[in-house]
Amino acid sequence: MVAGIVGHMAVEVLPVAMHANKFVSAFEVGVVALLGASTLAATRWAERYGGHAGSSASESLQRSWRMIRASRTLFALGLVNSCYEAALYIFVFLWTPTLEGRVSLRLDGTRERASMGHGLVFSIFMLSKMVGSQVFHALSWRFSPSVLLQLVFSVSVGCLVVPLLSSSYEIALLAFCGFECMLGIYWPAIALLRAGALDDAQRSSTMAVFRTLLNLMVVITLPLAGGLPEGYAFGVAIVLLLVCIGGIAAVDPAEADVNNPSRPGSVANLTALAAAEEEAGGAHQQQPSVREEDEEDEDEAKEGTPLAATNRRH
């Protein structure tokens with residue numbers, strides 16, 4: 001949200017004479033922000049390399065692909081993840097020209113000279129997403145993640161239908177805010193389902209397979225949507241969201257439940273594992289103290305005080 005406000009100020013406040021295109025100023029501010037973030041990451045962020053034991057990366061990816069093919073729930077989650085985020089990418093490319101084409105349109109159908117604040121609109125979108133995350137927090141006590149995702153996809157379809165039916169700038173902006181609000185619900189809901197369905201030992205490699213499927217979907221859909229008129233491009237996104245509705249219905253709630261004790265990565269198993277490790281760590285910490293006493297006894301015995309050493313043992 002702050003980034004949108006700063007970008008808007010850079011475009012509207014900085015002198016236009018600095019560049020022929022006033023929008024260049026926002027990218028220059030972005031360069032400064034990225035350099036600052038890179039400096040902080042290089043100086044304050046320690047890299048985590050993980051363990052080197054186990055199978056290779058290719059073997060882990062192949063194992064994850066076999067798991068996805070064998071599990072209906074994993075396959076459905078991968079399909080939902082790819083289709084929804086592909087629709088999201090289409091929305092990202094379409095919202096700017098869609099709103100720009102409506103901001104100058106009068107009620108009588110004629111056009112006037114007008115401009116929109118892209119940074120402010122982006123800030124409104126981020127605020128809508130924050131509202132969606134709070135809505136998820138309120139609804140998650142009563143509804144499962146699968147039900148919430150059904151709501152997300154259904155409402156998102158409705159939001160993307162609005163630009164096809166209305167040429168009003170305000171109505172389209174309100175619909176897009178609703179889409180972003182649903183996005184705020186989507187992220188935690190899909191994360192909970194993935195946490196329940198993915199085995200912890202294969203989590204990173206399985207997510208890499210999901211990301212590959214997403215990239216393929218984006219490469220296929222974005223050129224298609226980019227070469228179509230606005231209505232058809234939104235239609236592609238709507239079809240992808242309808243696929244998501246069918247895909248989430250195929251998810252087995254028991255298999256995707258993070259609290260299911262039969263799942264290898266469940267909360268119950270993780271808690272038991274942590275308790276076992278803590279108990280083993282406590283025993284390991286007590287073990288050196290006994291050895292230290294033995295070493296002290298041996299030292300004292302070597303110094304000619306075997307009686308003191310014997311008394312300490314008993």
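## Around L99

Setting aside residues up to four places away in sequence, L99 touches M116, V121, F125, Y169, A172, L173 and F176, where contact means heavy atoms within 4.5 Å. This is a predicted model, in which local features need pLDDT of at least 70 and side-chain atom pairs count only at pLDDT 80 or more, while totals for chains, interfaces and linings use all residues. Residues are numbered from 1 along each chain as its sequence is written, and side-chain values use heavy atoms, with hydrogens and water left out.

## Where α4 meets α8

Helix α4 (residues 72-103) packs against helix α8 (residues 203-226) at an angle of about 35°, and their axes lie 8 Å apart. Axes are lines fitted to C-alpha atoms over the stretch in contact, and angles run from 0 to 180 degrees between N-to-C directions.

The residues making this contact include L77, Y89 and F93 of α4 and F210, L214 and M217 of α8.

## T206 on α8

Helix α8 also holds T206. T206 counts as buried because its relative accessibility is 2% (buried means under 20% relative accessible area, with a 1.4 Å probe and protein chains only). Beyond its neighbours within four places in sequence, T206 is in contact with S64, I68 and L198.

How values were computed. Helix = DSSP H or I, 4+ residues; strand = E, 2+ residues; numbered from the N terminus. Buried < 20%, exposed > 50% of the residue type's maximum accessible area, 1.4 Å probe, protein only.
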